Amino acid sequence: MRATDILTLTPQGLYCPLGDFHVDPVRPVPRALVTHGHSDHARAGHGAVLATAQTLRIMAARYGEDFAGARQAARLGETIRQGDVAVRFVPAGHVLGSAQIVIEAGGTRLVVSGDYKRGYDPTCLPCEIVPCDVFITEATFGLPVFRHPDARAEVDKLLASLTLFPERAHLVGAYALGKAQRVMALLREAGYDRPIYVHGAMEKLCALYAELGVDLGEVVKVAAADRAKLAGEVIVCPPPAIQEVWARKFPDPVAGFASGWMRVRARARQKGVELPMVISDHCDWDELKQSILETGAGEVWVTHGQEDALVHWCGTMGISARPLHMLGYGDEGEDTGEVTGDLAAPAAAVESGETP
Ligand SMILES: [Zn+2]
Ligand SMILES: [Zn+2]
């Protein structure tokens, strides 16, 4: 069976006519299969949602319990029939609950990876590569300049700064879903046992992570503390908050930012990020290439990001590839690609619990 008979591109997003469902639709649809909880992939208002139990919990935390007409939890590895196709969720290693969706019909297998990464992350299951005919990937960091170092080494920079500047508050800009908890968990693994202070926008998701079994240690709301007394402490906040009046009330704050974009040092400097940490929840250039080769796919579809370079590279490897130019993805967190946009967005928007 041809892959394009199994998945086609519609204005709502990728659609499977044989199973009558969309994957990560960008507009409300009757039936959605959702890879993970970031707001560009998981939207409210669908008739029914099939996703991992953790992703369903994250959606409920962000949108309210009535985020969809009906919901069904997909167990990792379990094959579920959807009309004339078989679907299966496997770990994507991106954020808690994130999954790739394997779709099979007539002996053809497609894998929609959603967002995924290969680097170490104690807050979610590692990415599992599934051999397939067609691999559908993002390309957020699909340029050779992007190389993500070990996240543990980046967190060591924060610990070194705390030792060097015990009189300064250390702010860490990090996206509310996934990145914030990953940084916190890495700090704990490195032996950091002070309370970690969090901005109001982080609180609900940190509590949910803890409830779902990710140990973040003692987490304290900034609102419950005297900001002037937080010298030498770590405060995790949404990236825009580090440039706001909010941030200036801490003692001589160090502005940190955990993002794959921090690889571009000029951007960090330009935005006044004193402590850039190159920590990404997406694959870097080498991981994208490695993952594509490991799937053995003869065909690659690229959803969003730096499509051109990746499509070109596939061509040099004899893999047929095409960009899907999918609109609507990449408007949360790192996917934006623009540090400017991230840092300029008003924190008022994120105070409500939503990242921009
Ligand atoms: Zn994502
Ligand atoms: Zn995304």
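This is a predicted model: local features need pLDDT of at least 70, side-chain atom pairs count only at pLDDT 80 or more; totals for chains, interfaces and linings use all residues.
User: Which spacing do the donors of the zinc ion (ligand 1) follow along the chain?
Analyst: The protein donors are His 36 (NE2), His 38 (ND1), His 94 (NE2) and Asp 115 (OD). They lie 2.2 to 2.3 Å from the zinc ion (ligand 1). Along the chain, the spacing is H-x1-H-x55-H-x20-D.

User: Is the site of the zinc ion (ligand 1) tetrahedral or irregular?
Analyst: Four donors count as tetrahedral if all angles lie between 85 and 135 degrees. Here the angles among the four donor atoms run from 90 to 162 degrees. The site is irregular.

User: Which residue coordinates both the zinc ion (ligand 1) and the zinc ion (ligand 2)?
Analyst: The two zinc ions are 3.7 Å apart. The residue that coordinates both is Asp 115.

User: How many residues apart in sequence are the parts that His 36 and Asp 115 tie together?
Analyst: His 36 sits in the loop between strand S4 (31-33) and strand S5 (46-51). Asp 115 sits in the loop between strand S10 (108-112) and strand S11 (134-139). The pair therefore ties together parts separated in sequence by 79 residues.

User: Is Asp 115 buried or exposed?
Analyst: Buried means under 20% relative accessible area. The value for Asp 115 is 0%. Asp 115 is therefore buried.

User: What span should helix H5 (residues 200-211) have at 1.5 Å a residue?
Analyst: H5 has twelve residues.

User: What arc around the axis do the buried residues of H5 cover?
Analyst: The buried residues are Ala 201, Met 202, Leu 205, Cys 206, Leu 208 and Tyr 209. They lie on the same side of H5, because their arc around the axis is only 160 degrees.

User: Which exposed residues does the face of H5 turned away from its buried side carry?
Analyst: Exposed means over 50% relative accessible area. On the face turned away from the buried side, the exposed residues are Lys 204 and Glu 211.

User: What is the phi of Asp 20?
Analyst: Most residues other than glycine have a negative phi. Asp 20 is not a glycine, yet its phi is positive. Its place is in the loop between strand S2 (13-16) and strand S3 (21-23). The phi of Asp 20 is about 55 degrees.

Conventions: Residues are numbered from 1 along each chain as its sequence is written. Chains are lettered from A and ligands numbered from 1 in the order in which they are written. Side-chain values use heavy atoms; hydrogens and water are left out. Donors are N, O and S atoms within 2.8 Å of the metal (3.2 Å for Na, K and Ca); water is not among the atoms, so sites may look incomplete. Four donors count as tetrahedral if all angles lie between 85 and 135 degrees; four count as square planar and six as octahedral if opposite donors are over 155 degrees apart and all others between 65 and 115; anything else is irregular. Helices (H or I, at least four residues) and strands (E, at least two) are DSSP runs, numbered from the N terminus. Buried means under 20% relative accessible area, exposed over 50%, partly exposed in between (1.4 Å probe, protein chains only). The expected span of a helix is 1.5 Å times one less than its number of residues. The arc is that of the directions from the helix axis to the C-beta atoms.
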